[in-house]
Amino acid sequence: MILGNNQYRFSPVPQGQNFIWIADYMDGSCLAEYEFDTRIKNDYYRIDKNKLIRFGLIGMGSQIYFDVANGIFNINKNRIQVSYIADGIEYPLTGRTILYNDIIQYKDAVGDGKLLSKTASGRIRNNIVAHVVGYKKAMDLSDVNINFKNLLHIPQDKNIPPYLEIKISVDKDLNGELVFRINGSVANKLHAPLLKNQAGIYNWELI
């Protein structure tokens, strides 16, 4: 396995990408975006979600991943948990013994170039500005149905901190708050009122 093994903290193709995705499987094998020995690129759609136990990114001396069995993000050994509290009831969004294997991974990029130039220097060059990894999950929790998307954004600009983007919708009105815990302790709370069948999007910076 790669994720959880601190021997693997850097991209094998640092000139092209600071981070690469890693899929760890229950049999101990893994699939990496780029092979560590040959640097050959693997197709994201080859990932077998049915065998997945961990999914995330490595690069820049870091490991950033979540456990498929509970949806908890692990960022350099710091465990990030998310829940929603309304009317005195806490709805755990992560940490439940359900599969969070509807994975999401993409890169935000910008293109630079002189469109009217006929020379090679006029070609558009794409630059990655952020890596994004996470998942989505539909849950039936107690008396409410929740659709939950949990995405971790990692900007390439070191002056911009990484942040969690939480997208959440419910089947009834709730006036509550999102609660973020790091290693079991409450790190922050965000007032997050939700209207029935309307998605709310909230960002939380990891400083």
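Q: What lies between β12 and β13 in the hairpin that they form?
A: In this predicted model, two residues lie between β12 and β13. Asn183, in the turn, has a positive phi of about 55°.

Q: What makes β12 and β13 a pair of strands?
A: Strands pair if DSSP finds at least two bridges between them. Strand β12 (residues 174–182) and strand β13 (residues 185–194) are joined over nine bridges, in the antiparallel sense, and therefore meet that criterion. Within this pairing, Leu174 stands opposite Leu194 in β13.

Q: Why is Gln63 called buried?
A: The relative accessible area of Gln63 is 3%. Buried means under 20%, so Gln63 qualifies as buried. This residue is found in strand β4 and touches, among others, Ile2, Leu3, Tyr8, Leu57 and Ile75.

Q: How do you know that the side chain of Gln63 makes a polar contact with the backbone oxygen of Ile2?
A: The side chain of Gln63 reaches that oxygen at 3.1 Å.

Q: Which strand gives the most to the lining of the largest pocket?
A: β10 does, with three residues. β4 (62–67) and β10 (144–155) each supply at least two residues of this lining. The pocket has a volume of about 310 Å³, and of its 17 lining residues the closest to the centre are Phe19, Met60, Ile154, Pro155 and Pro162.

Q: How do the residues of that lining divide into nonpolar, polar and charged?
A: Eleven are nonpolar, four are polar and two are charged.

Notes: Residues numbered from 1 in each chain as written. Predicted model: local features only at pLDDT ≥ 70, side-chain atom pairs only at ≥ 80, totals over all residues. Heavy atoms only, no water. 1 Å grid on protein atoms, 1.4 Å probe; cavity = no way out; pocket = protein on both sides within 12 Å on 5 of 7 lines; lining within 4 Å. Points joined across faces, edges and corners; volume = space filled by probe spheres on them. Helix = DSSP H or I, 4+ residues; strand = E, 2+ residues; numbered from the N terminus. Nonpolar A, V, L, I, M, F, W, Y, C, P; charged D, E, K, R; others polar. Buried < 20%, exposed > 50% of the residue type's maximum accessible area, 1.4 Å probe, protein only. Polar contact = N/O pair within 3.5 Å; in protein donor to acceptor, adjacent residues only side chain to side chain. Contact = heavy atoms within 4.5 Å. Lists of a residue's contacts leave out its neighbours within four places in sequence.
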